[in-house]
Amino acid sequence: MFNSFIKEQFKDYKDLKILFRNENQKTWDQFLEKIEDAHFYYFSQELNYQNLYQIELGFEDHDLSFIIFYNNEVVSVFGLSILKKKDLYFLGCHGKPVLSPMFQKQCPIQIERLISEICFNLCEKIADKLYIKKWSSNFFLLSQKENSEWIKICKKKDYNIFKIKEGFIKLTNRQLLDKKYPSKIKDNHWEIKNFLSINKKDWNLFKNLHLKVAGKKTRSDKTWESQFEDLNNNRAFAIF
C-alpha cells in the first residue's frame, strides 16, 4: 500500500533515493545509533512492538517508514504507517503520530528543506487520498533543532503546534540504577535490579505481577515474547 506512490515522490531527484525500513532495519538502526539522544520511538525495537500491538487491537498496520539517502549516504529516516479498521484509515506511525524526519547533523540545509517538504507533502497527499481529516506528527527537541525545516513548514501551513515536556532517565552506564536509585527508596522491602538479559522464570514472574496489578490480561503473549527477545538480544533492559 502506497510504496510505489512514495517512490514516485522522489523520482525527479537523482541525488535522493529511499529504502523502506521493514526490509532494511539494520541500516535504519545503525543510522539512529549515530544520532545523539535519538528518541526511542524511532528505533525498530519500538516500531516493531507497536506494529504487533496494533495488529492485536484489530487494525491492519501498513509500515511505510523509509530511509533517505543523499549521494548514497543515509541522511534521514522518516516514520510513517497507515492503520485501517473496517473502512476507516489513520495516518501516523503504528498508532502514534507521524515521526518527523530525523536528520544527521551534517545534512546540508537545502537537502533537509527538500526532504522535509517531500515528506510533509506526502502525508497531505495520502491523507487526501484516504479521506483522513486529521493527522499529527511528533517532533523531539532533544535530538533535533527547534528551528528545523519541519517546524517551519508547520508554521507556514498554519498547523497547530503544541509543546509537551517529557522526562527521561539518561543511563550513562549500566550501574547507574544500581548505585543511585536504591538510596531513594526508604522501604527496605524494595530491591532494584537492572537486567540486560533475563531468564524465562524471572520474566514470567514479571508477567504475573503485571497481570495482578492490571487486574486483567492487557496484551497477548506475542508482545511479551517480543520484549523477551529484545531483552536477550541487547535491544532492551528490564528494571525490577
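Student: Does R113 count as buried, partly exposed or exposed?

Tutor: This is a predicted model, in which local features need pLDDT of at least 70 and side-chain atom pairs count only at pLDDT 80 or more, while totals for chains, interfaces and linings use all residues. Residues are numbered from 1 along each chain as its sequence is written, and side-chain values use heavy atoms, leaving out hydrogens and water. Buried means under 20% relative accessible area, exposed means over 50%, and partly exposed is in between (1.4 Å probe, protein chains only). The relative accessibility of R113 is 34%, so this residue counts as partly exposed.

Student: With which residue does R113 form a salt bridge?

Tutor: Side chains of opposite charge can pair when their charged atoms come close. A salt bridge requires a side-chain nitrogen of Lys or Arg within 4 Å of a carboxyl oxygen of Asp or Glu. With 3.2 Å between the closest N and O atoms, the partner of R113 is E149.

Student: How many residues apart in sequence are the parts that R113 and E149 tie together?

Tutor: Helices (H or I, at least four residues) and strands (E, at least two) are DSSP runs, numbered from the N terminus. R113 belongs to helix α4 and E149 to helix α5, so the pair links parts whose separation in sequence is 36 residues.

Student: Is E149 buried or exposed, and what is its relative accessible area?

Tutor: E149 belongs to the buried residues of helix α5 (residues 149-156), together with W150, I151, I153 and C154. These buried residues pack against β4 (73-79), β7 (98-103), α4 (109-129) and β8 (137-138). E149 is buried because its relative accessible area is 5%.

Student: Which residue follows α5, and what is its phi?

Tutor: The residue after α5 is D158. Its phi is positive, near 65 degrees.

Student: Over the face of which residue does K200 lie?

Tutor: K200 counts as partly exposed because its relative accessibility is 39%. A charge sits over a ring if NZ of Lys or CZ of Arg is within 6 Å of the ring centre and within 35 degrees of the ring normal. At 4.5 Å from the ring centre, K200 lies over the face of F228.

Student: Which helices do K207 and D221 tie together?

Tutor: K207 and D221 meet through their side chains in a salt bridge of 3.5 Å, N to O. The two residues belong to parts 14 residues apart in sequence, so the pair ties together α7 and α8.

Student: What kind of aromatic pair do F206 and W224 form?

Tutor: Rings of Phe, Tyr and Trp (its six-membered ring) pair if their centres lie within 6.5 Å; planes under 30 degrees apart count as stacked, over 60 as edge-to-face and the rest as tilted. F206 is partly exposed because its relative accessibility is 29%. The ring centres of F206 and W224 are 5.8 Å apart and the planes stand at 80 degrees, so the pair is edge-to-face.

Student: Is W224 buried or exposed, and at what relative accessibility?

Tutor: F206 lies in helix α7 and W224 in helix α8 (residues 221-231), so their pair ties together parts 18 residues apart in sequence. W224 counts as buried because its relative accessibility is 5%.

Student: To which residue does a polar contact join the side chain of Y89?

Tutor: Y89 lies in strand β6 (residues 88-92). A polar contact is a pair of N or O atoms within 3.5 Å; within protein, one must be able to donate a hydrogen and the other to accept it, and residues adjacent in sequence count only if both atoms are side-chain atoms. At 3.4 Å, the side chain of Y89 is joined to that of K84.

Student: Which residue in β5 stands opposite D63?

Tutor: Two strands pair if DSSP finds at least two bridges between them. Strand β2 (residues 60-63) and strand β5 (residues 81-85) pair in the antiparallel sense over four bridges. In this pairing, D63 stands opposite S81.

Methods. Contact = heavy atoms within 4.5 Å.
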